[in-house]
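A short briefing is given after the structure.

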Amino acid sequence: MSDTRSSWSERLAARWGRAESTVTKLFLATVFAVNLLAQFVKPLGDALQDKVYLGGALFTLVGYVLYAEVQRLNAALQPRAGEAVTPRDLEREFEDALESGGEVRLTAMGFTGETFATPLKTILQRLSKDPRRKVRLRVLVPDFTKEIEVPGQMGTDGKVSDAPNFREHLRGQIADYERSLKSQIGRMADARRGVLTVEFRVLHMSPSLKLYFINDDVVYEGIYDKLDLRRPDSSNTTPETPEGRLLDLMGYDSLLTRWSVNGGSHARTIIERRRELFETLWNAAHELTPVTRLPAQPSTS
């Protein structure tokens, strides 16, 4: 129950954070209007006299107190540079960035794109109307058309080798996540929630590192920090060695490290280096190739 209250209060504070400029402008406009009224509408100004100016001063005081409190809540919600956070924190920041409107660029590098595509599909579907919103999504994943040992299979002798059928299964998952996000392009346009572009690319690389970028301001980074050794089933096909085990990477809920340009020179250096790394890999990558769907295998259990 406490987790629910905490999540609710964090979301409320985040909404206040996004509204801070509007609140400040509203109070300042009120002060201006009251003082202007007192200055130029003489009968009313004479009737109100000091009360108008006192009221204006009180409005100003209350406005700045409220503004300072919103700033404090905003600062409290933002993790410190290099602090470990959860994937839920990342998802909340995705949503806040998208709700802020304007041009938003969200970028990811991961295993299959699941940790990016799954939450984002839900977030995109519940965005408020904003025809001027422009969202660009880019996802870089390993090229599973090429041999790789991890993820792969482990034989009875303990040796790890490539698992072609499992790789094809992973390629199918990536294609599904791409379709899932691209299905939102027309829906966002029809609902006047903004313009969405989606691009997936693949590169022959290790799938152990995960990176997420929010515009050029924030980077989340982490690793797939768990290996799962299990029997294959009909959903992920049978390995080449009948008695072998699938060797898979896990880490959907692994902790992430958050870096923001507001976190000082070290954080800005980290962001610049991660961005340079990603852009170099992205430029060397290529589009997804069509996936051949394999027939379901009978269960061996």
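In this predicted model, the buried residues of helix α7 are covered by elements that include the strands β2 (103-109), β3 (134-142), β6 (195-203), β7 (209-214), β8 (218-223) and β11 (256-260). The points below take up the helix itself and then β3, one of these covering strands.

**Helix α7**

- Helix α7 runs over residues 265-284, and its 20 residues reach 29 Å from the first C-alpha to the last, which is close to the 28 Å expected at 1.5 Å a residue.
- The residues A267, I270, I271, R275, F278 and W282 of α7 are buried, and because they fall within an arc of 130 degrees when seen down the helix axis, they line one face of the helix.
- An α-helix has 3.6 residues a turn, so residues three or four places apart point the same way.
- On the other side of α7, the residues S265, H266, E272, R273, E276, N283 and A284 are exposed.

**Strand β3 and its partners**

- Strand β3 is mostly covered, with 7 of its 9 residues buried.
- Strands β2 and β3 pair in the parallel sense over 7 bridges, and V104 has V135 in β3 as its bridge partner.
- Between β2 and β3 the chain passes through helix α5 (residues 114-125), and this β-α-β crossover is right-handed.
- Strand β3 also pairs with β6 in the parallel sense, over 9 bridges, and the bridge partner of V139 is F200 in β6.

Key
Residues numbered from 1 in each chain as written. Predicted model: local features only at pLDDT ≥ 70, side-chain atom pairs only at ≥ 80, totals over all residues. Heavy atoms only, no water. Helix = DSSP H or I, 4+ residues; strand = E, 2+ residues; numbered from the N terminus. Expected span 1.5 Å × (residues − 1). Buried < 20%, exposed > 50% of the residue type's maximum accessible area, 1.4 Å probe, protein only. Arc of directions from axis to C-beta. Contact = heavy atoms within 4.5 Å. Pairing = 2+ DSSP bridges. Right-handed = clockwise from strand over helix to strand, strands pointing away.
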